[in-house]
Amino acid sequence: MPTGKLYRRGEKWYLDIHTGRKVGGKYERIQRKAQGRTKAEAQAELDEMLYTLRRASTNGKANNNKYLLEVLCKEWCEHIQRNIADPGLAAEYCRHAQRLTKALPCETVADLNLESVEKALCRIAEEKSTNTANKALAKFKAALEYGVDRGVIISNPIAKAKQLKTVRKKFRRALTVDEVKMLLKVAPEPWRTVWHFVLSTGVRRDEMIYLRKSDLDLKRGTVRIQERMEFKPKTQAGSRTIPLNDAIKKALAKLNKGEGELLFTNGGRPLNSWALMVFRRHMEAALIRLARIYKRFGKPLPEGVRVEDGEFKVDVSQLDLHAMRYTFITELIAANVDPKTTQHLAGHKDIKTTLAIYAQVKGSNVEDAVQLLPW
């Protein structure tokens, strides 16, 4: 199968192609200067030559039987790395596609079938999660469609493969005021400001990750959520301007924003998917410290904390980045902010989503409510 790469000498780009054909006992190799001046133009020229050679090598017809899944996945990863601006997001997409590629028992596209894919997805779901398995399927399908577009395979044999159904809906709970204060106390920078920002604005995970410095206006005290090339708001109502309170404005003013366009980074790198791992690690530390204080004063332990063999054990399965969004909405409702304002700040299309799913009952409000009875 023909393969190729680009290399640069001075200001010019060159093509280096291995055709896979033997000529005079040696494998044929084509090296020549690209006609395009930019890397993108040279890459397009290389892709076109490889497409022509691959079609010729199969007599003008793509051949599913000979194309290796590993090779196809690698070519798709190289393609998205060239076309997605955020390298962290591109790497995440590649990991998902490679995860299913490695889990499959087959080597070529012709060996693929719905049954083998379903079994591989179930194994991924057991080891990771159903959500991870479904993401792997989506990116693997994208790699196969890329192969069809390039003409290297005839069709996508698993186009009708369906995602795994979630056995139970994930339950998230809002944090208490004590838990929020302890989280902001134990978390180091820049994470402390990141968690503080999400708790103060109620933004979604991707809204926070792809937020740019230009979206923040500290003079007016606002942050703008808007569509980007690598990010699109979940709904039309998701494009919104959120006011900032004084505490988060001070925290953002002190934040070392570093280089690049993104507002929040860790060592210059985008936060991306591992922000969840860091958040849960910080929540474990916060809950254990809070449990020690509660035990000292004879108070019930925080939710999710238990004692085993004299040590505190923490279950943070109900706490993720979205739990901070639940907390934001719950606290606004508890503070008697009108539902329409809360809906706007949350970026919800339907007010039922705000009230029926996100807003949770606080115990203190229940106690205060019964005291309002006139008898």
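What percentage of the 375 residues of the protein count as buried? I found that 43% do, where buried means under 20% relative accessible area, exposed over 50% and partly exposed in between, with a 1.4 Å probe and protein chains only.

**Basis.** I worked from a predicted model, in which local features need pLDDT of at least 70 and side-chain atom pairs count only at pLDDT 80 or more, while totals for chains, interfaces and linings use all residues. Residues are numbered from 1 along each chain as its sequence is written, and side-chain values use heavy atoms, without hydrogens and water.

**Elements.** I looked up 14 helices and 10 strands; these are DSSP runs numbered from the N terminus, helices being H or I with at least four residues and strands E with at least two.

**Helix packing.** I then examined helix α3 (residues 87-103) and helix α5 (residues 130-150), which pack at an angle of about 95° with their axes 7 Å apart. Helix α3 is therefore roughly perpendicular to α5, a label for angles of 65 to 115 degrees. Among the residues that meet, I noted Tyr93 and Leu100 in α3, and Leu137 and Phe140 in α5.

**Aromatic rings.** I recorded 4 aromatic pairs in the structure; rings of Phe, Tyr and Trp (its six-membered ring) pair if their centres lie within 6.5 Å, and planes under 30 degrees apart count as stacked. Tyrosine 7 and tyrosine 14 form a stacked pair, 5.5 Å centre to centre with 10° between the planes. Tyrosine 7 is partly exposed, at a relative accessible area of 21%. Elsewhere I noted that ring pairs link Trp191, Trp195 and Phe279 into a cluster.

Notes:
Axes are lines fitted to C-alpha atoms, for helices over the stretch in contact, and angles run from 0 to 180 degrees between N-to-C directions. Angles under 35 degrees count as roughly parallel, over 145 as roughly antiparallel, 65 to 115 as roughly perpendicular and the rest as oblique. Contact means heavy atoms within 4.5 Å. Rings of Phe, Tyr and Trp (its six-membered ring) pair if their centres lie within 6.5 Å; planes under 30 degrees apart count as stacked, over 60 as edge-to-face and the rest as tilted.
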